[in-house]
Each structure stands twice: as C-alpha cells, then as structure tokens.
Amino acid sequence: MIQKPGNTFGMSSPIESKFLSQPRDLGIVAVGFSGGQCKPGVDAAPSALIESGLLTQLREELGYRLHGDDEVHLYTDLVPKEDPPHRNMKNPRAVSNVTKRIAEQVHSHAKEGRLVLTLGGDHSIAIGTIAGSAKAIKERLGREIAVIWVDAHADINTPETSGSGNIHGMPVSFLTGLASEDKEEFFGWLKPDHLLSVKKLVYIGLRDVDPGEKRILRENGIKAFSMHDIDKHGIGRVMEMALGHIGNDTPIHLSFDVDALDPMWAPSTGTPVRGGLTLREGDFICECVHETGSLVAVDLVEVNPTLAAPNDVGAHETVRAGCSLVRCALGESLL
C-alpha cells in the first residue's frame, strides 16, 4: 500500500513519502568492504563517516529514528582464504558472499517500510543493496524500483568486457541480468525478484566509460546523462529529464559514487576523474530525488579516507562531501 499523506521523511522534511510506511525510521547498513576493487582503505569509509558525526546529524537534526547503526560490518567470515578468478572476475566468491549478505540486511529494513541508507564500501556492494531493496519493494508494494546511478563510471561491464576484472565495475550488469551466473557462489543467488529493468535505470555524471560499456548502453537504450549533457543543459534540466524518464509512480533507489564529484571536491576516492560534478550539483541531485517523495534507499560508496597523504585535507573534504550528499538525500534543505 502506498503511504497515506501526512507521513514525512524524518521530523524536519516537509516531503511526504509515497512508498514508505515508516519514513521516519532509517535502516543503516554500514559496509566495511573493499573486495570489489584492488585499493585498500575504502572499507574504512563507514567508520570515517560515522566518526564525522553523520549519524548523529541524521538523528538529531533531521529527526530520524535509526536502526542497525551500531555496527560496521566487515564480513570477514564470508571471505575465503583462496578466491581465484572466475570468468575474469577478481575475488568473485568473496564479493558474491558479501553482497548476498548485504541484500539480506537491506531487505530486512526495507520490508518494514523504512528508508535504507547503506554506507560503503566500494560500488560492488550495490549488487546487494539494490537486490535487497528491489525484492522488498516487489513483496511489499508489487512494484519495480528505479535506480538513479550517479557516477563517473557506468559500472555495467560484464565479466567478459571488463579490462580489470574488478567487480566494482560490473554491478549494474548483474543487477539488470545482462550478466548472469548459475553457480550460487558466483552471484547465482540473484533471482528475478532481485533484478532491475534497464528501462528503470538512469545514469548521471558519466565521463569515463569503457568502449564495451558504451556499446551495452546503446544496445539496451539505457538513459544516461554524461557530463556533456550537464554542461549543455545544466543540472536542473538534467534532473527534470531523469525524473521524467522514471515517472512519478516508481520507488527510487539512489546509488551515489563519490567519484561522480570532481576531485576538487572529493579527491580521496579510488578512481578519480577530472571534469566532474561540483559539490553543489551533487547536493542538488540528492535534493531533487528527495523532493519527489519516491526515495526508498540511498547508497554512498567509494569514499577512501586512506588515499590522501598524511596531513592532507583531501580525506576530510571527501568525507565532508559524502556527509553532505547523504543529508541532502534525506531531507536537509538550504532554507
């Protein structure tokens, strides 16, 4: 059942939730996992975000009741000692095991009608977050979700098109069924109710897309707004077009990779690419999604506080930027 009027996000937002029965309750999944790529340190991001005061701000300033916020999950019990490549994928068993567990964690919150916030972690974790929210929304409302994927990269390589074998560049291919695997230990746990339609996927901020990914985007008619589109139309018009494509009757999962921001604003990330979003444009994307009333889940990924040099402010600025994006998605406004 769609939420009745009068139930707003948190205590400070005037926006009424369309699809959450408990929009003042926020499920937190803190994911200290870096196995989808090769640079250590992104697993330290949830602790850095929490230590910076993010959860306190969400509780005390935005008025959310937090659930599951007491532990950063490291998933060490799910990482095998030996994990050789499979179909060109690096660490495939670990990533599959961990994302399956994340899907269960996100689902446990989402099925209660809560908004779900996942703090990553590299972007491979979205295999779990989106699978979990898609399944819960289908069970609870009989609807498919839409995903707004904000990123410098499309992350839609299949194992065969990937040049690196890093699974953080493949999550969208598995979530849309463009890549699949029968074996349980290699993402075979993904079932139809976990998946996303390519017609309900929108990219914003792309500027470093592999040749194989460009072909996948074109062949499947996937809606994608690159930095060229943002430069041409402005972020306001791009958001109108993105949300218009999704429609106003679809629950939205927002998956935000901090490398969508220009390295001027978020330098401490594993794959920075110049020519990105300003922090204000990133905040605006999150504000626009919040204003729809359709938001059901948010991911913040790829903050890596260990990549900055000692005494460098880059890590601090990247964590600050990540906190700002989350707060805007959850209802903080300028006035």
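In which sense do E6 and strand E7 (residues 223–226) pair, and over how many bridges? In this predicted model, local features require pLDDT of at least 70 and side-chain atom pairs count only at pLDDT 80 or more, whereas totals for chains, interfaces and linings use all residues. Residues are numbered from 1 along each chain as its sequence is written, and side-chain values use heavy atoms, with hydrogens and water left out.

E6 and E7 pair in the parallel sense over four bridges, where pairing requires that DSSP finds at least two bridges between two strands, and where helices (H or I, at least four residues) and strands (E, at least two) are DSSP runs numbered from the N terminus. Leu-206 has Ser-226 in E7 as its bridge partner. From E6 the chain passes through helix H6 (residues 211–219) to E7 in a right-handed β-α-β crossover, a term that applies if, with the strands pointing away from the viewer, the path from the first strand over the helix to the second runs clockwise.

The largest nonpolar core comprises 105 residues, and Leu-58, Tyr-203, Ile-204 and Leu-330 have the most contacts inside it; such a core is a set of buried Ala, Val, Leu, Ile, Met, Phe, Trp, Tyr and Cys residues joined through side-chain atoms within 4.5 Å, buried meaning under 20% relative accessible area (1.4 Å probe, protein chains only). Helix H4 (residues 126–141) gives the most to this core, with eight residues. With contact defined as heavy atoms within 4.5 Å, and residues up to four places away in sequence not counted, Leu-330 touches Leu-26, Leu-58, Leu-62, Tyr-64, Leu-115, His-290 and Val-298.

Definitions and conventions. Buried < 20%, exposed > 50% of the residue type's maximum accessible area, 1.4 Å probe, protein only.
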